[in-house]
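Subject: Structure for your files

Hello,

Here is the structure I said I would pass on. My notes on what was found in it follow below.

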Amino acid sequence: MTETTPAAPSTSTAGAVSPDSGAAWTEEGAWPVAPGVHRIPLPLPMDGLRAINVYTVETDDGLTLIDGGWAIEAARAVLERSLALLGHTPADIRSFLVTHAHRDHYTQAVALRTEHGAHVSLGIGDKGSLDEIQDGFSGGDPHMAMLLRAGATDIAKIWGNHAGEAEPDPSVWGYPDTWLDGDHQIAVGGRRLDAVATPGHTQGHFVFADTAAGLLFSGDHVLPTITPSIGFEGGTPEQPLGDFMTSLAKVRALPDLRLLPAHGPLAPSSHARAEELLAHHEHRLAQCLEIVGSGERTAYEVAGGLGWTRHERRLESLDVFNTALATMETRAHLVLLVARGDVTVADVDGVDVYRRVSQA
């Protein structure tokens, strides 16, 4: 289970201007998106990703929030001030539709449920991640095991040394009231939202489409200026990148909607951004295949040959957390290349080693 929701390692969108505010998208406020819908940026305690957008949807009975924010004092204070601008308090929140079970999306929803009784919904694909937290990771840290298999032994050791320093508080990782399972419609006041399962960033990720209003609440699945992390969640999904790309095609098959992302400014076209993300990952797959070349490479070695962030930083220049994130994402690309028949994988002393399939 990830403790944060970084996108591409060390990438920041803090300076991007949002068209609904005319200011940096992280600027505090309750910014009108559409009639009855406002965007509220809440702060995050990290350098690379400075805020998360939660969206309020007004109904006759109160508010529904898309995502909840991180359960920290700073986010709670900003939420209260922002809701006050709309004439509301947290007690007016009747429900949360949470896009996925990452800390900056889920934990404040659970905390506010405890205080005010709001109903929380979450994709059932994230149940395994919550199970691990409730069980105290009795089976071990899946991320450390993945790093070892990726050949990142030194990074895994450092990761393991710090694993117990920030144990998740089970009280803010409680189970939702409703598990979202499969594509279906949800009534939110007079609106009908299409809840669309979009596994990839996490297995339980959902987006919510208000096609009548032309809006897509896209969570972390489709972000306007950065790419979400792939392969960094509780458990080990078989094809995280394959799932993500299939889910992008699924969004592309919806009507073209205005993009309301969890991180970054609003964007005019869900289709255009989905296509860009698909092209990005196809390019990344080609880069990975080229780095494997005619030799044998681990995921960690392939990650070392790639550039990271829009500044094309080298792997060795990243901190330990982002190095781990980059390694896991590279592994997800290699796993998809194996499924496509472009490379093979062999277990060599507990490490996955990849070789390119020769083209006769």
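**Salt bridges**

Across the whole structure, a search finds 15 salt bridges, a salt bridge being a side-chain nitrogen of Lys or Arg within 4 Å of a carboxyl oxygen of Asp or Glu. The model is predicted: local features need pLDDT of at least 70, side-chain atom pairs count only at pLDDT 80 or more, and totals for chains, interfaces and linings use all residues. Residues are numbered from 1 along each chain as its sequence is written, and side-chain values use heavy atoms, with hydrogens and water left out.

One of the salt bridges joins Glu 80 to Arg 76, with the closest N and O atoms 2.8 Å apart. The two are four residues apart in helix H1, so about one helical turn separates them. Helices here are DSSP runs of H or I with at least four residues, strands are runs of E with at least two, and both are numbered from the N terminus. Glu 80 counts as partly exposed at 35% relative accessibility; buried means under 20% relative accessible area, exposed over 50%, and partly exposed in between (1.4 Å probe, protein chains only). Arg 76 and Glu 80 also belong to a network of salt bridges with Glu 115.

Glu 276 is partly exposed at 45% relative accessibility, whereas Arg 273 is buried at 12%.

Arg 340 bridges to Glu 282, again with closest N and O atoms 2.9 Å apart. This pair links distant parts of the chain: Arg 340 is in the loop between H9 and strand E16 (343–348), and Glu 282 is in helix H7, 58 residues apart. Arg 340 is partly exposed at 41%, and Glu 282 is partly exposed at 36%.

**Aromatic rings**

Seven aromatic pairs turn up in a search of the whole structure. Rings of Phe, Tyr and Trp (its six-membered ring) pair if their centres lie within 6.5 Å; planes under 30 degrees apart count as stacked, over 60 as edge-to-face and the rest as tilted.

Tyr 106 and Trp 173 make a tilted pair, because their ring centres are 6.2 Å apart and their planes are at 35 degrees. Tyr 106 is in helix H2 (residues 103–116) and Trp 173 in the loop between helix H5 (153–162) and strand E9 (178–180), so the pair ties together parts that are 67 residues apart in sequence. Tyr 106 is buried at 0% relative accessibility, and Trp 173 is buried at 0%.

Phe 232 and Phe 321 pair edge-to-face, at 5.7 Å centre to centre and 75 degrees between the planes. Phe 232 lies in the loop between strand E13 (215–219) and helix H6 (240–253), and Phe 321 in helix H9 (residues 320–339), so this pair ties together parts 89 residues apart in sequence. Phe 232 is buried at 2%, while Phe 321 is partly exposed at 29%. Together with Trp 159, the two form one aromatic cluster.

**Helix H2**

Ten of the 14 residues of H2 are buried, among them Arg 103, Asp 104 and Tyr 106. These buried residues pack against strand E4 (37–43), strand E5 (51–59), helix H1 (73–85), strand E7 (93–97), strand E8 (119–123) and helix H3 (127–134), where contact means heavy atoms within 4.5 Å. Gly 117, with a positive phi near 80 degrees, follows H2.

**Nonpolar cores**

Which residues touch the most other members of the largest nonpolar core? Of its 37 residues, they are Leu 216, Leu 241, Trp 308, Leu 334 and Leu 337. A nonpolar core is a set of buried Ala, Val, Leu, Ile, Met, Phe, Trp, Tyr and Cys residues joined through side-chain atoms within 4.5 Å. Strand E12 (206–210), H6, H7, helix H8 (299–304) and H9 each give two or more residues to this core. A second, separate core of 34 residues includes Leu 42, Met 46, Ile 133 and Val 172.

Leu 241 is also one of the buried residues of H6, which pack against strand E11 (191–197), E13, helix H7 (270–292) and H9.

Regards
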